[in-house]
Amino acid sequence: MNYQDEFRDRALVQGYAQRIARLVEGRTDVMTFMEVCGTHTMSIYQYGLRSLLPPQVRLISGPGCPVCVTPNEYLDRAVALCRLPGVIVATFGDMVRVPGSSSSLQEERAMGADVRIVYSPLDAVALAAANPDRKVVFLGVGFETTAPAIGGSILAARKQGLANYFVLAAHKTMPIPMRVLANDPELGIDGYLCPAHVSTIIGADAYRFLPEEFGIPCVVTGFEPVDVMQGVEMLVRQVVEGKPRVEIQYSRVATWEGNRKALDVLAQVFTPFDAPWRGIGIIPGSGLRIADAYAAFDAEREIAVEVEETKEHQGCLCGEILKGKVTPFDCPLFANACTPESPVGACMVSSEGTCAAAYKYGQ
Ligand code: SF4
């Protein structure tokens, strides 16, 4: 398949592995690079890319899975909403199985709640139009990649004059947590593999503060194995040369300035707020909530509901995994008490979760 097969070429991948090995030959230090996109995490596990790298190059996973970084309190509110009479909760598939403090949307659905999986926020708008006597709440979870489409659904609902479409917004933005993690001396990040899809929206310029303020190299990198290995090689080269900067490996899609139209939708419909991240806590200005002008579509403001007291899952290390401090293999629950069929934490549920990737593909 064009634009896919050539980026999975074994010889090219091995060529990058050899170049990386040559670049670090004789060095005794270890370079730690973090990927902050769940799809990178999946690709690294799926193609066994860590095993191709020399011991001087270490890859760690960061908070790149939107479902995983969404804290239990959000899930608890979604569960409480779906229990209300006359409410339909619409969501992308991954969220249904994520356990909240004491229940999940899947469990609620089995007990009669109306929880629907949709493939686009506009499907949820159509659901609202088809059910004028009910309230449809779409779960707005995701980074800058998905937020414009969800903002667009609010604009579409307003255009259609719908008063029964709501979004429970928990959008997060990517560069700000990268600053938080860059400041963490325990992690010692030497470079970022910057997310591919997020960068197509926000543009590579958004990462300039990382080399300028922290001396951390950044490479906007695609998802296929050749992309990732080339991205790592570009990071290694920057470290070896001692010239940190932002580079774009994913040049077939990403640009420096991003997608102006999508950014305009974000600026119109959302406003920054201090968002809670699982494992990291509240990061000032790192989330997007619905702007006052669109408050009528905000499920949190418009639909009163009692939410249970949030509890964390005993023994789950998701929070530490999302900060890159431990791996799934450090979790005593991994692959015994916690499996994709019976997940304890969000990182085992999501198709972009580090624990799910480790379970599916192993070391
Ligand atoms: Fe949490 Fe399960 Fe991952 Fe352990 S293996 S950190 S319990 S999601």
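Select Ser 153: leaving out residues up to four places away in sequence, Ser 153 touches Pro 121, Leu 122, Val 125, Tyr 165 and Val 167. Contact here means heavy atoms within 4.5 Å. Before going on, know that this is a predicted model, where local features need pLDDT of at least 70 and side-chain atom pairs count only at pLDDT 80 or more, while totals for chains, interfaces and linings use all residues. Residues are numbered from 1 along each chain as its sequence is written, and side-chain values use heavy atoms, with hydrogens and water left out.

Back to the serine: Ser 153 sits in helix H7 (residues 147-159). Helices (H or I, at least four residues) and strands (E, at least two) are DSSP runs, numbered from the N terminus. Is Ser 153 buried or exposed? Ser 153 counts as buried because its relative accessibility is 0%; buried means under 20% relative accessible area, exposed over 50%, and partly exposed in between (1.4 Å probe, protein chains only).

Now show side chains. That of Ser 153 makes a polar contact with the side chain of Tyr 165, at 2.8 Å. A polar contact is a pair of N or O atoms within 3.5 Å; within protein, one must be able to donate a hydrogen and the other to accept it, and residues adjacent in sequence count only if both atoms are side-chain atoms.

**Stop two: the cysteines**

How many disulfides does a search of the whole structure find? There are 2, a disulfide being a pair of cysteine sulfur atoms within 2.5 Å.

Pick Cys 65 and Cys 68 to see one of them, with 2.3 Å from S to S. This link is right-handed, with 70° about the S-S bond. Cys 65 counts as buried because its relative accessibility is 4%, and Cys 68 is buried too, at 0%.

Next, select Cys 318 and Cys 347, joined by a disulfide with 2.4 Å from S to S. This pair links distant parts of the chain, 29 residues apart: Cys 318 is in helix H14 (residues 318-322), and Cys 347 is in the loop between H14 and helix H15 (354-361). Both Cys 318 and Cys 347 are buried.

Count the bonded cysteines along the chain, and the pattern is 1-2, 3-4. Cys 37 is in no disulfide, and the nearest cysteine sulfur, that of Cys 65, is 9.5 Å away. Cys 37 counts as buried, at 10% relative accessibility.

Click on Thr 339, in the loop between H14 and H15. Thr 339 is buried, with a relative accessible area of 13%. Which residues is Thr 339 in contact with, leaving aside its neighbours within four places in sequence? They are Met 348 and Tyr 359.

**Last stop: two helices side by side**

Colour helix H2 (residues 38-46) and H15: their axes come within 9 Å and cross at roughly 20°. Axes are lines fitted to C-alpha atoms, for helices over the stretch in contact, and angles run from 0 to 180 degrees between N-to-C directions. H2 and H15 are therefore roughly parallel to each other; angles under 35 degrees count as roughly parallel, over 145 as roughly antiparallel, 65 to 115 as roughly perpendicular and the rest as oblique. To see where they meet, show Thr 41, Met 42, Tyr 45 and Gln 46 in H2 against Thr 354, Ala 356, Ala 357, Ala 358 and Tyr 361 in H15.
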